Amino acid sequence: MLQIKNLSASVDNKKILKDLNLEVKAGEVHAIMGPNGSGKSTLSQLLAGKEGYTLDGGEVLFEGKNLLTLSPEERASLGLFLAFQYPVEIPGVSNLYFLKSAYNALRKKRGEEELDAVDFMELVKEKSKLVEMNESFLTRPVNEGFSGGEKKRNEILQMIVLEPKLCILDETDSGLDIDALKVVSKGINATRSKNRGIILITHYQRLLNYCEPDFVHVLYNGKILKSGGKELALELEKHGYGWILES
Amino acid sequence: MILHTQEGVRYLTKESGNKFNMISTNQKISHYLHAFQKVENSLLGNEIPFLRQFRAQAIAQFENLGFPSAQDEDWRFTNIENITNKKFDLPAKDETDYQKTESHDSLLDDCGPNKIQLTFINGSFKEEFSKNIKNLPSGLKIKNFKSMIKDEPETLEKYFDSFERRDFDGFSLLNDAFFNDGLFISLAKGVVLKDEIYLNFITQSSHKDHVVYPRLLCFADRDSELNLVELNLGEIPLNYLVLSASELICAENSKINYCKVQKESRSGFHLAKIRAQLQRNSRFYSHSIALSGSLVRNNLNVALAEEGAECVLNGLYLASGQELIDNHTQIDHLKPHTTSRELYKGILNGKSKAVFNGSILVHANAQKTDALQTNKNLLLSQDCQIHTKPGLKIFANDVKCKHGATVGQMDQDVLFYLRSRGIPKEEAQKLLIYAFASEIIDQIHIETFQNQLTPILFNILMGKN
């Protein structure tokens, strides 16, 4: 599904990603862990199509297509989704209108019929239950005045509604209390399927207790230093990153 | 058009710069002085002494003052040469037959078909294009100036130009001198009218360089509530000039909600002077929506004349192409415990230009004044210009006043967020522009109108940007 081959990228002449390799297949859940500044967020933003990064080498294939030449909206319509670490607030645009615009834009791009307001409302109501968001969230402006936990739940709601093929979750667990973490995990687990790839970018083991990954990678200084199964995350939790750097 | 400038050109080549300006200025105003001489005796209310005197005074002041120039602080950024270099004339009588055009319908017909609608064509009241004006609710009086002069000139005299005269300029003086009809609205004590009243001022002409002088006089008596929506529409592709004047008076504990929409053609000029006077504990909500026009200038002056008076002045201006939209507001806090809230937002594109000049004046005995003034601008192109000047002058010592202005471009992080969800770039931009504007639309407390305006605004933004 996703193949990252020897990817190198920089921001303002500072090399952030250095020769990074990663492959995610449909049905797999990958966790990417690593200390601050290791390039985790750069990787996710670069994959989603944010401007401001210079590609120094390598390539990214998404279902065989050269991802890095596509616009963010084209990537989204191919089925790529990034749950933002810091979801932005959009005053003046209701959550429902935003979701409907996104949903219908994707359908249109795929040549499917757009959903009308009534049908879409029904769909969203159903999906909101999963992340325990009540209807008042839908009429409020996107993320405006939302707590940290509410913003992250809103990201998960978008993911559930838009049904992407590849989900990248950038520190979705950070700043969540234990109840919110459970809700978010429930949403992620509901998204898991054999047709879908998931990348969980996180600092902590605790999310992985609820969403068990198939693979764990340690990203450090722009490259993947070590990969393993879910037990690698437990070791990191116990011993920190130091032992990997020394080994 | 060449004829109009020929003389000026000749002087330019022969005379020094200074002399040219002087002579040229005289030429510019003499056209209107001559026109006044010609029509003076046939103007509305010529037989009424107070009106006769009022006009005579106005034209004398105009002769003395002339048109504003770039040296006037209030007109520094607003080049009016496109107006003053032309000679605008009153439309001929037969020019006022209204030919309804398709494009007018979207704003006119969608807005409250069951509501009271008063239509003025080229400044004259047209009963046949007005709607639901028979059997008005009790306490509501709506008459054009012609009928007022016939039936009760003393009532007109009581309210007409009853404010202290401040801040007049060459343009407003021309309306004072030339207006030939107008609309008088009054609402009796204690009457609360939830339904809004539509005032449609339409400019249409088959000849270029016409000037029209709409005028509105509105009085809300004690404890009454009035909602007004004024639509200014002109779609002719010829140069025309609208010089409008509005006076609104809020008596004790009354409320006027006044929404003025300007949708002039790309070759239309609209200069408006709006004055509001607020008595004890009264409220005045103004929503100024400038959608289009070659040059739009609004002078809005609000006097918080007694304790407890409160005004909300909101504005939204969209400028694109070569348009110039200029809003000058002045709020006078004259008495203690008065409140003002002002928010003007502008969206600029193309080579357009906008001016915001907000002045809040807190007079010496206006203690406990509470004033907040904000101007926000969204610039969509490299070539557009905004001149913003929020201003506070405070002569009292126990007040709460804040003001500020922002000028920005579209938030790229937000744009990326929308695009990352699959919303195409252009659609995402439009969504954000609309979101910026909606803060003003959402505050118009006339629900039915708001619902009508929202899609219209959306379409204009889509089409324009």
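The stops below cover ring pairs, a ring cluster and charges over rings.

Keep in mind throughout that this is a predicted model. Over all chains, a search of the whole structure finds 25 aromatic pairs.

Start by selecting Phe36(B) and Phe178(B). Their rings form an edge-to-face pair, 5.6 Å centre to centre with 85 degrees between the planes. Phe36(B) belongs to helix α2 (residues 17–39) of chain B and Phe178(B) to helix α8 (residues 170–178) of chain B, so the pair ties together parts that are 142 residues apart in sequence. Are these two residues, Phe36(B) and Phe178(B), buried or exposed? Both Phe36(B) and Phe178(B) are buried.

Next, select Tyr159(B) and Phe184(B). The ring centres are 6.1 Å apart and the planes are at 35 degrees, so this pair is tilted. Tyr159(B) is found in helix α7 (residues 153–159) of chain B, and Phe184(B) in strand β4 (residues 183–187) of chain B, so the contact ties together parts that are 25 residues apart in sequence. Tyr159(B) is buried at 13% relative accessible area, and Phe184(B) is buried at 0%.

Now select Tyr32(B), Phe62(B), Phe67(B), Trp75(B) and Phe171(B) together. Ring pairs link these five residues into a cluster.

Finish with two charges over rings. Select Arg55(B) and Phe179(B): the charged end of Arg55(B) sits over the ring of Phe179(B), 4.2 Å from the ring centre. Then select Lys345(B) and Phe436(B), where the lysine lies over the face of Phe436(B), at 4.2 Å from the ring centre.

Methods:
Residues numbered from 1 in each chain as written. Chains lettered and ligands numbered in written order. Predicted model: local features only at pLDDT ≥ 70, side-chain atom pairs only at ≥ 80, totals over all residues. Heavy atoms only, no water. Phe/Tyr/Trp six-rings, centres within 6.5 Å; stacked < 30°, edge-to-face > 60°. Helix = DSSP H or I, 4+ residues; strand = E, 2+ residues; numbered from the N terminus. Buried < 20%, exposed > 50% of the residue type's maximum accessible area, 1.4 Å probe, protein only. Lys NZ or Arg CZ within 6 Å of the ring centre and 35° of its normal.
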